[in-house]
Amino acid sequence: MDSHPLEILRRPIITEKIAIAQEAGKYAFEVHSKSNKKEIKKAVEEAFKVTVLAVNVMNVKGKTKRSGTRVFKTRNWKKAIVTLAQGDRIEVFEGM
């Protein structure tokens, strides 16, 4: 799946837990469901001009929700935690 980095990296994930992990150089992204670790590493390095040391990937199952009598399921998605080299930062996250 060689494609543009923005097709692989869907959106950054910004939570309190990830904000704490950023001090250790870890950033989280929602990624394309068919992408693998090598493609994610290449996309982050191209998009943000940083050196990626490790990529951890997990599939997140959608939750079952209720709205009155109607029951539905949110979509499944894939999350990647990217560890950067010492001194590298992604500026998109820093102002949040």
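Mentor: Gladly. Let's start with a cut-off: a polar contact is a pair of N or O atoms within 3.5 Å. Keep in mind that this is a predicted model.

Trainee: What makes asparagine 36 a cap of the N-terminal end of H3?

Mentor: A side-chain oxygen of asparagine 36 lies 3.2 Å from the backbone nitrogen of lysine 38. The cut-off is 3.5 Å, so this pair falls within it. Past the helix comes lysine 49, with a positive phi near 55 degrees.

Trainee: Why is threonine 83 called buried?

Mentor: Buried means under 20% relative accessible area. Threonine 83 has 16%, so it counts as buried. This residue sits in strand S6, and its contacts beyond four places in sequence include Thr51, Val52 and Leu53. The C-alpha atoms of threonine 83 and valine 52 are 5.9 Å apart, although 31 residues separate them along the chain.

Trainee: How do you know that the buried residues of H3 are on the same side?

Mentor: The buried ones are Glu39, Ile40, Ala43 and Val44. They cover an arc of only 130 degrees around the axis, which puts them on the same side of H3. Their cover includes helix H1, strand S1, S2, S3 and S6.

Trainee: Which residues have the most contacts inside the largest nonpolar core?

Mentor: Leu9, Phe29, Ile40, Val44, Val82 and Leu84, in a core of 15 residues. Strands S2, S3 and S6 and helix H3 each give two or more residues to this core. Leucine 9 touches Phe29, Ile40 and Val44, among others.

Conventions
Residues numbered from 1 in each chain as written. Predicted model: local features only at pLDDT ≥ 70, side-chain atom pairs only at ≥ 80, totals over all residues. Heavy atoms only, no water. Core = buried A, V, L, I, M, F, W, Y, C linked by side-chain atoms within 4.5 Å. Buried < 20%, exposed > 50% of the residue type's maximum accessible area, 1.4 Å probe, protein only. Helix = DSSP H or I, 4+ residues; strand = E, 2+ residues; numbered from the N terminus. Contact = heavy atoms within 4.5 Å. Arc of directions from axis to C-beta. Polar contact = N/O pair within 3.5 Å; in protein donor to acceptor, adjacent residues only side chain to side chain.
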